[in-house]
Amino acid sequence: MNSFVHKTLVVQLQAGDTDRFSVLAHLSYDAADPFAVTLVFSHDGRILARWQLDREMLADGLRRPVGVGDVRIRPVSRGMWQELRLEFLGDSRPDGGRHHALVFAWAPGFAAFLRETHEVVPPGREEVHVDDFLADVIAGG
């Protein structure tokens, strides 16, 4: 069985006061890090941002608002269109504020990706090999 899941979706990015524009969202999951989903945003071949999200938080965000820190996720219904709204707060700006971006995605696309990750590692069956992790940290890896 494959221990990796990858999906690329077109999403809408809104940064600051700009209008939404299309970018690619590359979602990836590796059973070796079973709690995490990596999300890379790109446009015209350039990486705009990379975030590592908690898989369970992402799944919960499809049903209800979640997050209180740098990442907040919530479902948004626009008629028959089901969106997932992801809010990312970045580094501080010189004016004292923080960089801020909103991503609007087609919720069924994220749900399909999560279903595939659940086939690789079902929720509640995640394992972390603490001894291997500590050996890697001690070795400087």
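1. A search of the whole structure, which is a predicted model, finds three aromatic pairs, where rings of Phe, Tyr and Trp (its six-membered ring) pair if their centres lie within 6.5 Å, and planes under 30 degrees apart count as stacked, over 60 as edge-to-face and the rest as tilted. One of them joins Phe41 and Phe88, whose ring centres are 5.7 Å apart with planes at 70 degrees, so this pair is edge-to-face. Phe41 belongs to strand S3 and Phe88 to strand S6, so the pair ties together parts that are 47 residues apart in sequence; strands (E, at least two residues) and helices (H or I, at least four) are DSSP runs, numbered from the N terminus.

2. Trp51 and Phe88 form a tilted pair, at 4.7 Å centre to centre and 40 degrees between the planes, and ring pairs link Phe41, Trp51 and Phe88 into a cluster. Phe88 counts as buried because its relative accessibility is 4%, whereas Trp51, at 21%, counts as partly exposed; buried means under 20% relative accessible area, exposed over 50%, and partly exposed in between (1.4 Å probe, protein chains only).

3. Phe41 and Phe88 are also among the residues that touch the most other members of the largest nonpolar core, which has 29 residues, a nonpolar core being a set of buried Ala, Val, Leu, Ile, Met, Phe, Trp, Tyr and Cys residues joined through side-chain atoms within 4.5 Å. Helix H2 gives the most to this core, with five residues.

4. On the sources, residues are numbered from 1 along each chain as its sequence is written, and side-chain values use heavy atoms, with hydrogens and water left out. Local features need pLDDT of at least 70, side-chain atom pairs count only at pLDDT 80 or more, and totals for chains, interfaces and linings use all residues.
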